[in-house]
Every structure is written in C-alpha cells, then in structure tokens.
Amino acid sequence: MRLDVLSIFPDYLAPLRLSLIGKAQAAGTIRLSVHDLRDYTHDRHRTVDDTPYGGGAGMVMRPEPWGEAFDDLLSTADGDPRPLVIVPSPAGIRFNQQLARELAIEPWLVFACGRYEGIDQRVFDHTATVARVIPVSLGDYVLNGGEVAAMAMIEAIARLIPGVVGNPESLTEESHEDGLLEYPVYTKPSTWRGLAVPEILLSGNHAKIDRWRRDESLRRTARQRPDLLQELPATELDKADLAI
Ligand code: 6GU
C-alpha cells in the first residue's frame, strides 16, 4: 500500500518509523511518505493560513499550498489507480474497525492533515474532481490537528495488511473483530498478590474456555459498550449467548 501524509508538522509522524509499522516500511509492505505542506508555499514566511471570510475566531488554511501539493502527488500516480484522500476532521464520518478493514484494501491513501479551524472548502471540492475524498473522525472530541488522528488511523489500517502483524490469528481474537469487546486475558503467575487466574483457564478444556471467553466478551460489552450489542445482528448471537 502507498501512503502519503500532508502536514505542516511532518515530524509529528516520526513514530511511524518504529515497531511493526516501521518494519512494514522496511519490508516494502507499505510505502509511507510524509510531505511538508510549507514546501508548497512561495512567500518568505511560508504562510499556510489566513483569516476566515465572514469573520470569526481562528485561522483557515489557504487553498493554494494544498492545491499544489495535491497536483504534485497526483502527478506521481503514473498508471497507479487514483488515491483515496482522507481528511482527518471531527466533522467527518466515524472511524471504526469496519472502515479500517475497507481502507486496508485500498492501494493508495493520502492523509491531508489540517490545522487551525480547517482547510478552505474549495480544496476538497476541487480535489474531489480528481480523487475520492472522505472526511474521517476518530470520535466526538477535538484534537489540535489531523496528525495524531492520521497516525492512529494509519496504525489501525496498516496492521490489517497481510504480513504487517506477525501472527494473523492475533487479529481475529481482538476487540471489535466480532463486534464485541475482547475478553479479559491472564498470564503467569497463576496467583498474584492474592488474586487467582479464573480456574477454567487452567482446566485445559478448550470448549469450556471458548464458552467462558465468549460470555466474558458479552458481559464486558453489555457493561462498557451497550451500543455495540444493540448494533450486533441477531445472526451473530448463538443459543448460549442468549442465555446470559
Ligand atoms: Cl480525525 N481530527 C481532528 N483534528 N480532531 C479530531 C479527529 C480528527 N477526530 C476526533 N477529533
């Protein structure tokens, strides 16, 4: 997968060099480039923002550097399919595991990280004529800019690409993969500070362990995220689930 990030703070994305995502870049599974939006300015102060038309607080990102940056990126497409442009924004559609799975099969993602009060709307209107553009939000809270959100999304997406996470089974055993939260996990020692690991996990009875884990997932989801249980299609529940 090709990944490009546009930002006025390219250093914010530096942690993506670490750990599994860093290894995936070294292995060529993902090709990540971070671009400095200020490289597309032409004035001495490398200005990227200005006051909003209509008045109001804060500053808006000017369209020209974004336009040139997109022109430059798209000119490198040579035969590649068009990219999907993701604009991190609290005003976007909600990011979740389902969207991460859909994005993980795209050949080329571009993350356009805005700052201040946002990017001049015409950038998106224009870019939408040459690429698909979707605003995406991590949740109902406000970050200072799109960088941290882009990083979170890139990690969630990249780990779903085959070969990025060593043991593919660890992907299916996680929270949200089956629409439920993950069951609690334990390791050695079997007793720690007077607290014992649940007996059943030491029993070696895998059918019973699977049932116990499923029940714990259901209980945890009901307690912590009742909204997820509401969304779960009835076909995702088995007879024993309905008993708890
Ligand atoms: Cl994706 N971007 C910004 N700037 N703030 C956010 C967000 C994204 N998601 C939640 N808050």
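In this predicted model, the ligand is surrounded by 13 residues. Pro88, Pro90, Leu138, Leu143 and Ala149 are the closest of them. Sorted by class, the shell holds eight nonpolar and five polar residues. Charged residues are absent from the shell. Three elements, β5, β7 and α5, supply at least two shell residues each. The largest share comes from β5, which gives three residues.

The largest nonpolar core comprises 41 residues. Within this core, the most contacts are made by Val5, Ile86, Phe111, Ala150, Met153 and Ile154. Two or more core residues come from each of the strands β1 (2-7), β2 (31-36), β5 (84-94), β6 (108-112) and β7 (132-137). The helices α1 (19-27), α2 (63-75) and α5 (146-158) also give two or more each. The top contributor is α5, with seven residues. Met153 illustrates the packing. Leaving aside residues up to four places away in sequence, Met153 touches Ile86, Phe95 and Val136.

Helix α2 was examined for length and for the placement of its buried residues. The helix has 13 residues, which at 1.5 Å a residue should span 18 Å. The end C-alpha atoms of α2 lie 18 Å apart, in agreement with that value. Its buried residues are Pro65, Trp66, Ala69, Phe70 and Leu73. Viewed down the helix axis, these residues fall within an arc of 130°, so they line one face of α2. Their packing partners are the strands β1, β2, β4 (60-61) and β6, together with the helix α4 (121-127).

Most peptide bonds are trans, and most residues other than glycine have a negative phi. The bond from Lys188 to Pro189 is cis, with omega near 5°. Pro189 sits in the loop between α6 (169-172) and β8 (191-192). That loop also holds His176. His176 is not a glycine, yet its phi is positive, near 80°. Tyr116 likewise has a positive phi, about 55°, without being a glycine. Tyr116 lies in the loop between β6 and α4.

Terms used: Residues are numbered from 1 along each chain as its sequence is written. This is a predicted model: local features need pLDDT of at least 70, side-chain atom pairs count only at pLDDT 80 or more; totals for chains, interfaces and linings use all residues. A nonpolar core is a set of buried Ala, Val, Leu, Ile, Met, Phe, Trp, Tyr and Cys residues joined through C-beta atoms within 7 Å. A residue is buried if 20 or more other C-beta atoms lie within 10 Å of its own, exposed if 12 or fewer, and partly exposed in between; C-beta atoms are placed from the backbone. Helices (H or I, at least four residues) and strands (E, at least two) are DSSP runs, numbered from the N terminus. Two residues are in contact if their C-beta atoms, placed from the backbone, lie within 7 Å. A residue is near a molecule or strand if its C-beta atom, placed from the backbone, lies within 6 Å of it. Ala, Val, Leu, Ile, Met, Phe, Trp, Tyr, Cys and Pro count as nonpolar, Asp, Glu, Lys and Arg as charged, and the others, Gly among them, as polar. The expected span of a helix is 1.5 Å times one less than its number of residues. The arc is that of the directions from the helix axis to the C-beta atoms.
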